[in-house]
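Open the model in your viewer and keep the selection tool ready.

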Amino acid sequence: MIPRLRLCFSFWAYPVLAAALLYAGLAGAPELGGLTGVALLASGVVSWTVIEYLLHRFVFHPETGRGARERLAERLHGVHHRVPKDPNEILAGPEVSLPPSAVVFGLLLVGTGSLPVAAVVMTGIWGGFLCYEGVHYAVHTSHAQGLLRRHRRWHFHHHFVDAGVHYGVTSPLWDWVFATRRKRPRGPKPQLFTRSDRPS
Ligand SMILES: [Zn+2]
Ligand SMILES: [Zn+2]
């Protein structure tokens, strides 16, 4: 595959896949074109934030990783922690994102028993995933401004201070729910010198 096409694989492949799935799935289910479809799409986006948290916490950073599990984590994420500015390690290639996508879509199909429903939820999940790819790329390669500054602070804390906290990249929600935000130092706050009481 052409290197540039491979680098931004997620941004062209998943919209095409989603469009094909929606075209095939919604042909016989016009009722999903309204509010029900919007709700399913939103549930897919929220599901992505859960998947992102679980993958990052338990697959990318296994607590007792040995053997195959550790090698998998190393390939999928360890390299990114060692060369955090390498775009090829920030963005997910097809070998990283396609297999989990196929597994999740298979589970959705079996779980819902409906191709149209699975197609809409999967589109929401891919939408969340593309947000993740964009936010992750921006925090590593730009002087993230506005809202992204907080994402950058949290993610850099995970990278460079404590890899056991801040697993969420697009959302801090599940770090808050599962208490994996960084711990603030306890005890009295250090002295803050103002202009009038600064030691001479
Ligand atoms: Zn990163
Ligand atoms: Zn990590």
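Helices (H or I, at least four residues) and strands (E, at least two) are DSSP runs, numbered from the N terminus. This is a predicted model: local features need pLDDT of at least 70, side-chain atom pairs count only at pLDDT 80 or more, and totals for chains, interfaces and linings use all residues. Residues are numbered from 1 along each chain as its sequence is written, with chains lettered from A and ligands numbered from 1 in the order in which they are written.

**Stop one: α6.** Select residues 94–112. Helix α6 has 19 residues and reaches 26 Å from first C-alpha to last. That is close to the expected 27 Å, taken as 1.5 Å times one less than the number of residues. Next, click G113, which follows α6. Its phi is positive, near 65°.

**Stop two: α2.** Select residues 9–26. Colour F9, S10, Y14 and L21, the buried residues of α2. Buried means 20 or more other C-beta atoms within 10 Å of a residue's own, exposed 12 or fewer, partly exposed in between, with C-beta atoms placed from the backbone. Look down the axis: the buried residues fall within an arc of 75° (directions from the helix axis to the C-beta atoms), so they line one face of α2. Turn to the face away from them for exposed W12, V16, A19, A20 and Y23. Now show α1, α6 and α7, which are among the elements covering the buried residues of α2.

**Stop three: A144.** Find A144 in the loop between α7 and α8. A144 is partly exposed, with 18 other C-beta atoms within 10 Å.

Note on methods:
Two residues are in contact if their C-beta atoms, placed from the backbone, lie within 7 Å.
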